[in-house]
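Me: I am new to this structure. Please take me through one part of it closely, then show me what lies around that part.

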Amino acid sequence: MAVSNVIPSVSFGPKEVDQPRSQFQLQTRSFGKTDLHYYREVGSTNDVARALALAGCPEGTLVVAESQTAGRGRLGRKWQSPKGGLYFSLVLRPTFSPSLAPRITLLAGVAVCRAISSVARVDGAIKWPNDILIHGKKVAGILTETEAKEGSLRHAIVGVGINVNTDTSSLPPELLETAGSISGETQETVSIEGLLAASLMEMEELWGQFLCHGFGPIREAWRSLSATLGRPACFRITGREIAGLALDIDQAPALLIRDQHGVIHKICSGEVT
Ligand code: BTN
């Protein structure tokens with residue numbers, strides 16, 4: 001495994017890149033193998049990964065941090081990133097249209113959900129679009145950020161935050177009702193390195209499958225892990241509320257909600273409760 005502690009021609013502020021605290025036992029072919037940047041603390045792994053991507057790093061480049069000071073989540077939210085969690089960003093180099101980028105997020109959700117289930121031996125479920133739940137508590141989230149040029153993606157940064165052995169009392173009180181940690185739900189300490197290795201393995205496999213066979217298999221896998229489909233769902237958009245039954249996801253992927261009048265709404269982003 002090559003571990004780089006020098007970042008080419010980009011600067012990320014005062015924090016130095018540290019050596020990893022242990023050798024990761026990555027069994028991937030390329031994800032995290034060719035280029036791994038490890039931080040004890042960093043602003044946001046997505047920011048580092050983006051700078052590396054813009055500097056021309058290869059697909060599979062990985063940025064990992066033990067904690068983040070400016071972790072961010074979807075919809076402009078903060079992502080609390082204390083020690084005890086796993087925070088990483090993976091650089092992908094898709095060549096397809098930006099409109100298909102949301103498929104990457106669902107792919108990552110399936111990968112992380114499978115990894116959690118195998119490493120922590122507990123069933124996870126995915127809440128639309130990409131919150132990973134255990135016993136109904138959100139333990140992980142995914143933020144995919146892309147950049148495009150002349151109609152095709154230049155890179156996609158898949159940012160994953162997992163509350164692994166996180167002391168949930170360190171999370172803001174307003175999150176406690178909905179957020180949890182894996183160890184909090186299983187009462188067992190979970191190997192952060194093992195979870196990283198499993199997540200990357202699953203992602204690499206699904207990414208290969210996706211490039212060969214398209215979105216169909218990922219869609220099927222997402223459906224089977226979904227905590228949203230077949231249940232009442234409520235969605236707010238520009239002050240309007242859509243309530244109904246979450247029926248399915250389509251190829252876009254959009255979530256299909258049938259309201260009380262039988263009208264089917266396609267939800268492409270935002271948050272569903
Ligand atoms: C969500 O809102 O559910 C997505 C959270 C994504 C957080 C991860 S942690 C690693 C990466 N770096 C960030 O700043 N955000 C993502």
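Reply: Start at the ligand. A polar side-chain atom of Thr45 sits 3.1 Å from one of the ligand's nitrogen atoms. Keep in mind that this is a predicted model. Arg74 uses its backbone instead. A polar backbone atom of Arg74 is 2.7 Å from an oxygen atom of the ligand. How much of the ligand's accessible area does the protein cover? On its own the ligand has 420 Å² of accessible area, and the protein covers 98% of that.

Now widen the view. There are 20 residues around the ligand. Those that come nearest are Ser44, Gln68, Arg72, Arg74 and Lys138.

Next, turn to the nonpolar cores. In soluble globular proteins, nonpolar side chains tend to be buried together. Here the largest nonpolar core has 64 residues. Which of them touch the most other members? They are Leu86, Phe88, Val112, Ile116, Ile162, Ile182 and Met203. Helix 2 gives the most to this core, with eleven residues. Follow Ile162 as an example. Leaving out residues up to four places away in sequence, its contacts include Leu86, Val112, Ile116 and Ile182. Gly85, Val139, Ala140, Leu195 and Ser199 also touch Ile162. There is a second, separate core of eleven residues. Val42, Val48, Ala49 and Leu52 are among them.

Move on to helix 4, where Glu202 lies. Is Glu202 buried or exposed? Glu202 is buried, because its relative accessible area is 18%, and buried means under 20%. Ala111 is 91 residues away from Glu202 along the chain, yet their C-alpha atoms are separated by 4.9 Å. Beyond residues up to four places away in sequence, Glu202 touches Ala111, Arg114 and Ala115.

Finish with helix 5, residues 216-225. Its buried residues are Ile218, Arg219, Ala221, Trp222 and Leu225. They cover an arc of only 165° around the axis, so they fall on the same side of helix 5. What do these buried residues pack against? Two of the partners are helices: helix 2 (102-120) and helix 4 (192-213). The others are strand 4 (125-127) and strand 9 (240-249).

Methods
Residues are numbered from 1 along each chain as its sequence is written. This is a predicted model: local features need pLDDT of at least 70, side-chain atom pairs count only at pLDDT 80 or more; totals for chains, interfaces and linings use all residues. Side-chain values use heavy atoms; hydrogens and water are left out. Buried means under 20% relative accessible area, exposed over 50%, partly exposed in between (1.4 Å probe, protein chains only). Helices (H or I, at least four residues) and strands (E, at least two) are DSSP runs, numbered from the N terminus. The arc is that of the directions from the helix axis to the C-beta atoms. Contact means heavy atoms within 4.5 Å. A nonpolar core is a set of buried Ala, Val, Leu, Ile, Met, Phe, Trp, Tyr and Cys residues joined through side-chain atoms within 4.5 Å. A residue is near a molecule or strand if one of its heavy atoms lies within 4 Å of it. A polar contact is a pair of N or O atoms within 3.5 Å; within protein, one must be able to donate a hydrogen and the other to accept it, and residues adjacent in sequence count only if both atoms are side-chain atoms. Accessible areas come from the Shrake-Rupley method with a 1.4 Å probe; for residues, only the protein chains shown count as cover.
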